[in-house]
Structure formats: structure tokens, C-alpha cells
Amino acid sequence: MLGATDHGLSIATIPTILGIFLFNSREISFDACFAQLFFIHLFQCIESSVLLLMAFDRFIAIHEPLRYASILTLPRIARIGLVCMLRGVAVILPLPLLLKRFRYCRANILSHSYCLHVDVMKMACSDIRVNIIYGLFTKLLTMGLDSLLIFLSYIMILKTVLSIASNVECLRALNTCVSHLCAVLIFYTPDIFLSVIYRFGKNSFPLLQSLLVYICLLLPPLLNPIVYSVKSKHLRARIIRVFIK
């Protein structure tokens with residue numbers, strides 16, 4: 001599910017970037033822009049949900065190892081994944097619909113090589129207070145709530161691990177969470193810094209804002225496969241074999 005979400009985020013982001021750098025295509029229609037921002041924000045929302053599910057998965061694996069297979073069955077995981085996708089669509093769909101009702105009479109120049117809600121919203125010459133409030137609401141409902149629940153999950157994981165008598169078993173249990181923790185940090189850290197700069201920095205750090213936006217969207221799909229490959233002995237052995245040949 002994480003891999004599929006990363007692929008979706010890349011597919012939604014890369015076309016306009018390649019269009020600018022390879023074909024010098026610097027224009028995009030409003031409808032295409034609204035569609036792109038919908039899919040970018042949708043896949044970000046779904047990825048946040050998937051990271052929360054993975055934290056829940058780690059908690060079940062450590063707290064109820066004998067019942068893990070009976071609790072997280074494939075049909076149940078599929079239903080949970082579907083709920084995450086429907087939540088994302090329900091929360092993100094109003095963003096392009098709210099943007100479509102605006103008049104755009106200013107210089108329609110984007111700050112980045114793809115469309116984001118905050119960026120497109122600033123080009124409108126109408127009252128955008130509803131979009132500002134709803135944008136903050138979506139951020140808090142998705143990434144804000146998910147990150148809080150991930151934090152609570154790890155508190156319960158630590159509580160369970162510390163109750164284990166053997167230090168070796170304790171470390172082995174924590175070691176299963178390393179890849180997920182790395183994925184969480186890769187996904188949330190740039191977004192937190194970007195949110196702080198947007199709220200308090202405004203126009204103070206335009207270059208840093210652009211850099212962080214690229215990191216937010218392109219770094220997780222790039223690093224997540226590496227993070228999980230390093231922890232997999234089978235994949236690690238195959239990769240080493242390829243380079244040795």
C-alpha cells in the first residue's frame with residue numbers, strides 16, 4: 001500500500017516537472033492544474049493514513065504476536081485500505097471544487113513546477129477565507145490527527161516492549177520498527193518545517209520553501225524503497241549480488 005501510494009504521488013507530480021525541464025513547457029490549463037493538485041494532496045493524505053496503519057500493524061505484531069495473523073487478515077487490511085482511500089477523497093475533493101468558483105485576474109504564475117492548493121489559492125482575486133480555513137482543517141484532520149495517533153501508537157509499543165524481561169527480545173522488537181520510524185520521519189519532518197515557514201516566514205524564505213516542497217513530494221517515493229530494502233535480508237542480498245556482478 002505504501003509503495004502504491006508513493007507511485008501515485010510520483011505519477012501526479014513528475015509530468016509537469018519533466019515538461020518544464022525537458023520540453024520547456026511552462027503552461028498548464030486550470031482544469032489540469034486542479035486535477036493535479038487534487039491527486040497530489042489525495043496521495044499525501046493516503047500516505048499519511050498508510051503510515052498510521054503501519055504503526056498499528058507494528059503495535060499488533062509486538063503486543064499480540066500470536067493473534068497477529070488472525071487480527072490483520074488480508075480482507076480486513078483491504079477494507080481498511082479502502083476506508084483510507086475514501087477518507088482521502090472525501091476530505092480532498094472540496095479543495096479543487098472551492099478553487100473552481102474563484103475568478104483569477106492576477107498574474108497566474110505558480111511558485112513551483114506543479115499545482116498545490118496554497119499556491120493556486122493565492123492567485124485568486126476573490127475572498128479566499130473559506131479556502132484558508134478548510135485547508136487548515138484538512139491538514140489537522142489528516143496529517144495532524146494521523147501523526148498524533150502514530151505518536152500514541154509508539155508510546156503503547158514502548159510500554160509493551162519495556163515490559164519484556166529479556167533485553168535481547170526487547171531490542172529485537174524495537175528493531176522491527178526502525179524502517180517505519182524512518183518512513184515517518186522522511187514524510188512528516190519536511191512537511192512540519194514547510195508549514196512553519198508558510199505560517200510565520202511568509203515571503204522570507206522563497207528558495208527554502210521551494211526546496212522543502214520538492215523534498216516533501218519527491219523524497220518519500222525515492223527513499224522509502226531504500227529504507228525497506230536495507231532491512232530486508234533477501235532484497236539486500238539480491239542488490240549486493242547485482243553490484244558484485
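A contact here means heavy atoms within 4.5 Å. The model is predicted, so local features need pLDDT of at least 70, side-chain atom pairs count only at pLDDT 80 or more, and totals for chains, interfaces and linings use all residues. Residues are numbered from 1 along each chain as its sequence is written, and side-chain values use heavy atoms, without hydrogens and water.

Select Val120. Setting aside residues up to four places away in sequence, Val120 touches Cys33, Phe34, Leu37, Leu99, Tyr104, Leu110 and Cys115.

Next, pick Cys33 and Cys115. They form a disulfide, with sulfur atoms 2.0 Å apart (the cut-off is a pair of cysteine sulfur atoms within 2.5 Å). Cys33 sits in helix 2, and Cys115 in the loop between helix 5 and helix 6, 82 residues apart. Helices are DSSP runs (H or I, at least four residues), numbered from the N terminus. The S-S torsion is about -125°, so the disulfide is left-handed. Cys33 is buried at 4% relative accessibility; Cys115 is buried at 1%. Buried means under 20% relative accessible area, with a 1.4 Å probe and protein chains only.

Move to Cys45 and Cys84. The sulfur of Cys45 is 8.4 Å from that of Cys84, its closest cysteine sulfur, too far for a bond. Cys45 is buried at 3%, and Cys84 at 9%.

Now show the whole of helix 2. Of its 34 residues, 24 are buried, so the helix is largely enclosed by the rest of the structure.

Finish with the largest nonpolar core, of 43 residues; Leu51, Leu99, Tyr104, Val120 and Ile150 have the most contacts inside it. Helix 2 gives the most to this core, 14 residues. Such a core joins buried Ala, Val, Leu, Ile, Met, Phe, Trp, Tyr and Cys residues through side-chain atoms within 4.5 Å.

Conventions:
Buried means under 20% relative accessible area, exposed over 50%, partly exposed in between (1.4 Å probe, protein chains only). Helices (H or I, at least four residues) and strands (E, at least two) are DSSP runs, numbered from the N terminus.
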